[in-house]
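Here's a quick briefing to keep beside the structure as you click around.

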Amino acid sequence: MSTSTAQEPGGQPRTVNLSIGGMTCASCVARVEKKLNKLDGVSASVNLATESARITAPSAVSVDDLLAAVARAGYTGALLDAASPNEPATTASASSTSGPPTPGSDNGGRSAKGAGDRATSSTAAAAPTPAGGTPVTPPGAAGSTTGTAGTSPRSASGRGAPTLGASHMERAADLRLRLIYCLILSVPIMAISMVPALQMPGWQWMVALMALPVAVWGAWPFHKAAFRALRHGAFTMDTLVSLGVIAATGWSLWALVLGGAGHIGMRMSMELLPRSQGHAAHMYFESAAWVTTFLLAGRYAEARAKYRSGDALRALLELGAKEVTRVVLTSPSGSRDAVDVLDEDGAPRAEATRTEERISVEDLAAGDLFLVRPGEKVAADGVVVEGRSAVDASLLTGESVPTEVEAGQAVTGATVNTSGVLLVRATAVGEGTTLARIGRMVTAAQAGKAPVQRLADRISGVFVPIVLALSAATLAGWLLTGHSPQAAFTAAVAVLVIACPCALGLATPTALLVGSGRAAQLGVVIKGPEVLESTRALDTMVMDKTGTVTQGRMSLEVEACREVGAGAGSAAGLAPLGEEALRLAGAAESASEHPVAAAITVAARERLGELPAPADFSNHEGRGVSATVEGRRVAVGRPGWLAGEMGAEVPEAVRSAVEEAQDSGATAVVLAVGGAGETASAETGAPDKADATDSASDDAGDAAPDTQPLKAMAVLVVRDTVRPSSRAAVAALRELGIRPVLLTGDNARAAEHVAAQVGIDADDVRAEVLPADKRDVVADLQAQGAVVGMVGDGVNDAAALAQAGTQGLGFAMGSGADVAIEAADITLVRTDLDAAVAAVRVSRATLRIIRQNLFWAFAYNVAAIPLAAAGLLNPMIAGAAMAASSVIVVSNSLRLRRAG
């Protein structure tokens with residue numbers, strides 16, 4: 001990728017992601033950050049666990065300048081990607097292109113959610129697109145498909161980008177090889193140095209020959225890093241390790257050659273407590289060898305654990321399909337233009353010839369048609385053109401129940417088709433897909449730093465010089481108090497080795513890596529590490545009702561529906577809704593597109609199957625519908641309209657039932673049918689009216705439909721139903737110490753009804769709130785001292801979400817509007833309220849693990865350095881303890897894989 005890729009016109013800041021090679025500890029991180037932040041206008045956050053740097057820089061600072069700053073710090077750098085924070089995927093602007101939109105490309109994309117909307121309007125509009133074929137790319141725009149927008153969602157840098165964690169595995173392989181050889185040599189070194197019976201004549205020279213390869217070749221990664229840092233005038237944790245190994249080996253060589261320890265026949269026993277032994281100088285070959293071996297083992301385990309800590313994110317980024325079956329349409333005349341092969345609805349024309357071809361997913365373009373067979377993954381975000389199936393989104397959202405989709409509905413890339421065959425039109429590919437956007441957000445969160453980590457970074461930045469000074473002071477102190485040079489040297493080396501605070505550098509990044517990856521598995525995307533701090537103090541959760549607590553779509557509440565019975569003059573005369581009334585209402589409403597009509601029709605089809613086709617259908621706007629169903633006159637609508645304009649007989653019991661339903665916040669309509677009174681009586685089995693029923697039926701059959709008198713037959717209750725998980729989620733929030741508050745623009749009766757269903761107190765209901773006032777409700781709660789979390793999904797929630805972020809958190813439903821997602825701190829990919837609970841739990845667990853890691857890392861150094869300075873630690877034991885501390889911190893972070 002060229003440098004120009006990262007440039008943004010107009011001097012606007014843009015985000016650049018670099019991979020950083022050669023970092024081993026927190027001091028390395030601090031040094032790279034310091035060098036990058038010295039550049040004008042540059043703000044950098046470097047992550048040790050992911051070995052990456054996320055940099056915000058003005059366009060005046062080129063990528064070459066950033067890479068040069070990394071090189072000046074003594075490390076290697078490479079460009080991962082570069083993009084404006086406002087443009088997650090680089091695509092051509094739809095507004096800059098002319099030409100009519102083609103059926104099946106621009107229009108279809110409007111129904112896709114999230115990033116798909118933007119990708120469709122930009123890519124599909126850029127040029128006329130042959131339906132199902134490769135888009136006609138205008139001259140000079142070749143890079144638009146194979147560049148950022150065309151790259152695989154598995155990597156922001158394109159097909160040739162390294163796999164996430166590949167550097168950890170390469171380092172682990174190298175460390176494993178060195179560890180094996182060092183272990184083979186260190187065991188006999190230890191045995192011979194420890195057991196006098198094994199010390200044959202000349203044993204010390206043999207031990208030296210075995211120890212030198214360990215101290216030089218085995219410890220070379222530490223020496224190399226230390227020398228590189230020294231060349232740039234810096235000290236790192238590797239400086240301490242390298243100095244310790246060199247000092248132990250150098251002292252031992254001096255003792256062997258000049259200190260009298262090389263005499264043939266000399267014996268030596270090893271003590272765990274350092275002390276002068278006999279008249280000859282003591283050798284520390286075993287300490288140099290085992291310090292190296294222990295540290296190699298620790299670094300190897302650390303590299304493996306780092307790789308494992310990225311399992312969740314790696315699995316997320318690799319969810320996407322690798323190949324796809326593209327469908328190319330050809331008209332009888334041989335044309336592949338959309339106008340020739342697609343009808344007005346964007347569906348393929350019957351006469352069009354279909355050709356299937358298997359291609360790599362990177363070659364799929366927005367506007368292409370592709371086939372998804374049962375068991376296959378959906379290759380990209382798109383809209384179903386043909387077919388009906390259930391789509392399993394559990395891998396992406398954690399939602400266990402497959403979602404039914406049919407023509408006209410949007411599907412998300414990386415979901416799995418479970419049953420039927422789907423023909424899908426791609427609306428967003430590559431970096432424009434929902435999967436790629438989630439991956440970018442998770443990666444960005446992992447690249448940042450929690451505020452608690454910045455303290456550790458500041459300490460690590462000055463820690464090495466302090467340790468060097470302490471080691472020198474230890475050496476001087478022992479000598480000045482009359483101790484032997486050997487004892488003084490031993491204590492000084494132990495201080496160098498034990499003090500290496502590698503665990504400090506790993507405490508936060510590994511926990512963030514595992515925690516954010518686990519959150520992504522649960523359908524939660526955390527925007528940044530600073531969010532973790534806010535979840536700890538969160539005490540109030542404001543939830544938008546529609547689409548958050550409820551499903552956001554109307555459905556027929558069959559249990560609340562009533563049918564007119566024998567005693568229709570009173571409420572007692574209303575019976576449960578029967579199948580015949582539901583069939584007639586569903587048939588009449590099937591020709592209407594109103595949400596209430598759709599809810600009634602869907603419920604009727606789910607319970608009864610196919611419905612009869614209505615005739616003479618009329619839509620009376622805002623009042624109801626009328627039609628003829630199987631020769632019977634049928635009307636569904638408001639009771640006032642039925643009684644006034646349609647002349648229907650509406651008993652008082654029916655009106656009371658409608659008012660009762662409306663008081664609970666539901667929408668109620670009345671079904672009136674010609675001759676319905678007698679039919680209803682027959683169905684209720686009234687024995688005294690059997691003959692009247694037969695007579696009425698005969699008369700109704702002879703009369704024309706438009707002359708049949710209408711009688712109210714049933715009350716149909718439709719409401720926005722509560723999500724099944726909402727009540728349990730509210731209870732879980734209370735267990736977490738968070739007060740739930742319901743916010744809605746609906747009337748108070750509807751809001752209180754929903755609140756009662758999910759367990760929210762009536763005092764915590766904020767009803768009849770205008771969209772512009774939602775932000776004020778959040779601000780008022782904050783003014784009362786509450787730390788507020790806001791859960792919303794619509795454009796009208798964006799301001800409230802942003803307000804919550806000033807003193808709390810904003811949670812956006814992933815199915816909601818883009819502006820809401822951008823304004824939020826946490827995105828809930830799974831459209832259930834329990835995802836917000838999972839977000840809080842994982843965030844709090846991650847923060848808790850970070851604090852545990854930092855405590856143990858600090859406590860380890862605070863306790864160990866005085867012991868080493870007092871001469872109570874052998875350098876070998878110090879090396880083992882230091883290596884163990886890093887492994888413990890990483891292992892503790894891995895516990896987050898079960899969080900939530």
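Before you start, keep in mind that this is a predicted model.

**Two helix pairs**

- Start with helix α26 (residues 726-735) and helix α31 (residues 834-869), whose axes come within 8 Å and cross at roughly 25 degrees. An angle under 35 degrees counts as roughly parallel, so α26 is roughly parallel to α31.
- The α26/α31 crossing is left-handed.
- On the α26 side you'll find A729, A732, L733 and E735, and they meet D834, V837 and R841 of α31. Sorted by class, that contact between α26 and α31 has four nonpolar and three charged residues, with no polar ones.
- Now look at helix α1 (residues 26-37) and α2, where the axes come within 9 Å and cross at roughly 140 degrees. α1 and α2 are therefore oblique to each other.
- The handedness here is right-handed for α1 and α2. R31, V32, K35 and L36 are the α1 residues in the contact, and α2 brings L66, A69, V70 and R72.
- By class, the α1/α2 contact splits into five nonpolar and three charged residues, and again no polar ones turn up.

**A mostly covered helix**

- How many of the eleven residues in helix α20 (residues 579-589) are buried? Nine of them are, so to speak, tucked away, and the helix is mostly covered.
- The buried set in α20 is A581, L582, R583, L584, A585, G586, A587, A588 and E589.

- Strand β7 (residues 369-372) is covered on both faces. L369 and L371 are buried on one side, while F370 and V372 are buried on the other.
- β7 pairs with strand β5 (residues 323-330) in the antiparallel sense, over three bridges. Look for T325 opposite L371 of β7 in that pairing.
- β7 also pairs with strand β13 (residues 422-428), again antiparallel, this time over four bridges. Here L371 stands opposite L423 of β13.

**The seven-strand sheet**

- There's an open sheet of seven strands with mixed pairing, and its order is β14-β28-β27-β26-β15-β24-β25. β14 (524-526) and β25 (765-766) are the edge strands, each pairing on one side only.
- Inside that order, strand β27 (residues 808-813) and strand β28 (residues 826-828) pair in the parallel sense over three bridges. F811 sits opposite I826 of β28.

**The three-strand sheet**

- Another open sheet has three strands in the order β10-β9-β12, with antiparallel pairing. β10 (403-405) and β12 (416-417) are at the edges with a single partner strand each, so one side of each has no neighbour in the sheet.
- Strand β9 (residues 389-392) and β12 run antiparallel and are joined by two bridges. D392 has V416 of β12 as its bridge partner.

**Residues worth a click**

- Where is A414? It's in the loop between β11 (410-411) and β12. Phi of A414 is near 85 degrees, a positive value in a residue other than glycine. Most residues other than glycine have a negative phi. A414 is also buried, because its relative accessible area is 2% and the cut-off for buried is under 20%.
- E630 also has a positive phi for a residue other than glycine, near 55 degrees. You'll find E630 in the loop between β20 (624-629) and β21 (632-637).
- S62 is in the loop between β3 (52-57) and α2 (63-72). Is S62 buried or exposed? Buried, with a relative accessible area of 15%. S62 and V16 are 46 residues apart along the chain, and their C-alpha atoms are separated by 9.9 Å.
- T474 lies in helix α15 (residues 451-480). T474 is buried too, with a relative accessible area of 9%. Which residues does T474 touch, leaving aside those up to four places away in sequence? The contacts of T474 are A491, A492, V495 and A869.

Technical notes: Residues numbered from 1 in each chain as written. Predicted model: local features only at pLDDT ≥ 70, side-chain atom pairs only at ≥ 80, totals over all residues. Heavy atoms only, no water. Axes fitted to C-alpha atoms, helices over the stretch in contact; angles between N-to-C directions. Parallel < 35°, antiparallel > 145°, perpendicular 65-115°, else oblique. Left-handed = near helix turned anticlockwise from the far one by under 90°. Contact = heavy atoms within 4.5 Å. Nonpolar A, V, L, I, M, F, W, Y, C, P; charged D, E, K, R; others polar. Buried < 20%, exposed > 50% of the residue type's maximum accessible area, 1.4 Å probe, protein only. Pairing = 2+ DSSP bridges.
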